[in-house]
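Reader: I am new to this structure and would like to learn how to read its features. Could you take me through them slowly?

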Amino acid sequence: MKSTTVPLQGVEWQFLSPEGRIFLTEMAGEKFSGDVIKDIPKRRVVRGHGVYVKEVRYRGWAVLFKTLFGGTACREGRISLALSESGIAVPEILAFGVEKKKVFICRDLLITREVPKGKSLIEVMRQDYQMFPTREKWRLAEEFATFIKSLHDVGVSHADLHIGNILCVPESDRGHSFILLDTDRITMKNRPLSRRERTDSLVLLFTNFWFLVSRSQRFRFLRYYGIIPGKAGWHIVKELAVKGLRHLNRTCYWKAHRCLSNNSRFGKKKTNGFTVYYQKTDDIGELLKVLLPNPDILLNAGQVFKTGLTIQAARIEICGESYFLKRFNCKGWKYRLKNTLRRSRAVRSWLVSWEFRYRGLPVPEPLICLEERRMGLLGRSYLLFQFIEKSETLSTIWSRSDPVSRRDLLGRVALLLGRMHLLGGLHGDLKWNNILVGGKGGKGLYLTDLDGTRIVGQGKLAVKRKDLKRFLVDMEKNQAADNDKAFFLRCWGRWSS
């Protein structure tokens, strides 16, 4: 994690708490140093000294607009103070203010107290939730439903309500409390939210929470929220599920397709005869410098995993870090002509990898895609992924596992594949060797070899069952017991519908 400094000079503080005055005195009012949590051209979040500093920068027409109507960071500070007075848990506000050039706002800052032991709820759900005992899962769903209901009952309407904007704090009695983040898009009404407003808010929330918990936990959440069973309740449940899935697919489609252009997170350029698509990370310049102009040097020197007429793949080392490099070979003039007016397999895999990642489906992190074309005719193309350390294929793990471990492993794989199919993903080649077990924590699951993967949207259960057949073929090859197969299909059915 890199460090940086945020200048504090020239800021006109519009709010300062007593603790905020002490903090600025310790900083001598000059600069704040800390670790970068988020850094994009418009916004930067830095953590250090027990506080978070959010800096929002403006240019172009945004300068005039923010000067007239107020800056984003200051708006978040004011709304958080109002929420705190209404009894809603938010991070403690220490200070917020603006810096102006002449009479125009060029940036504004918000300083909040760090919450001890606080962790983003989306991290809890993706990393910790599956390891919780059943009773702790029940309690989390109940407490979270109570928290969301309390927001809606006091008239809080959040235009960007998702579990990445909610902090989860474990309590000493094994319960959980929740804190609302990124409050600048909140509207506070002087009445409880209407049924339509509640439904729209829950749809936003369920675009990620709904698909990270089982059906029983979804119903537990809705019951504690106040949606009672019965004809009307079932209608609301169905409406939430359909609208949530539709909204998730639209959002993920838009976010993923950003990987094909230049923006705050992704880049695209032409160099050394390649069109280069890349994720903007701190070390991306060094990676491109080593890869280009000839990625085959690294590929041939690496630990080769697969080689053939179509592809070659290997583990490579760059600056002491391991990566997975995959080359899609040019197979002659027919291949060149056929791919003239369509994306190459590398670019399609690059795009679908981000479609999966934005849906919360675990695939190795894609870093760079290279596509070689001459006069529109496709040549070689490459994909560079982060290498999943300490991982083995599902078939390897299965061969040395005892019956209890095998049942646990099948349950986790069924959950993963069920969620993938629920969210509209088709892998296309679900061999056991294309599912990795391990990585961080030793129990992660990762889908690899996404060459034939696609997104098909809602429904199409027959197509999804067909996608699962390849997995069942390997299940028979690995001599899984009949009761294990029945258990897997039951779990998959619960999560895929």
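Reader: How many nonpolar, polar and charged residues are in the lining of the largest cavity?

Author: This is a predicted model, in which local features need pLDDT of at least 70 and side-chain atom pairs count only at pLDDT 80 or more, while totals for chains, interfaces and linings use all residues. Residues are numbered from 1 along each chain as its sequence is written, and side-chain values use heavy atoms, with hydrogens and water left out. Rolling a probe the size of a water molecule over the atoms shows where empty space is left. A cavity is a set of points, on a 1 Å grid over the protein atoms alone, where a 1.4 Å probe fits but cannot get out, and lining residues have an atom within 4 Å of a point. Here the lining of the largest cavity has four nonpolar, four polar and no charged residues, with Leu 151, His 152 and Ser 201 among them.

Reader: Which strand gives the most to the lining of the largest cavity?

Author: Strands (E, at least two residues) and helices (H or I, at least four) are DSSP runs, numbered from the N terminus. The strand is E9, with three residues, and helix H5 (134-153) also supplies at least two residues.

Reader: At what angle do the axes of helix H14 and helix H15 cross?

Author: The axes of H14 (residues 403-422) and H15 (residues 461-477) cross at roughly 160° and come within 11 Å. Because angles over 145 degrees count as roughly antiparallel, H14 is roughly antiparallel to H15. Contact, meaning heavy atoms within 4.5 Å, involves residues including Leu 410 of H14 and Phe 471 of H15.

Methods: On a 1 Å grid over the protein atoms alone, a cavity is a set of points where a 1.4 Å probe fits but cannot get out, and a pocket is an open set with protein on both sides within 12 Å along at least five of seven lines; lining residues have an atom within 4 Å of a point. Ala, Val, Leu, Ile, Met, Phe, Trp, Tyr, Cys and Pro count as nonpolar, Asp, Glu, Lys and Arg as charged, and the others, Gly among them, as polar. Axes are lines fitted to C-alpha atoms, for helices over the stretch in contact, and angles run from 0 to 180 degrees between N-to-C directions. Angles under 35 degrees count as roughly parallel, over 145 as roughly antiparallel, 65 to 115 as roughly perpendicular and the rest as oblique.
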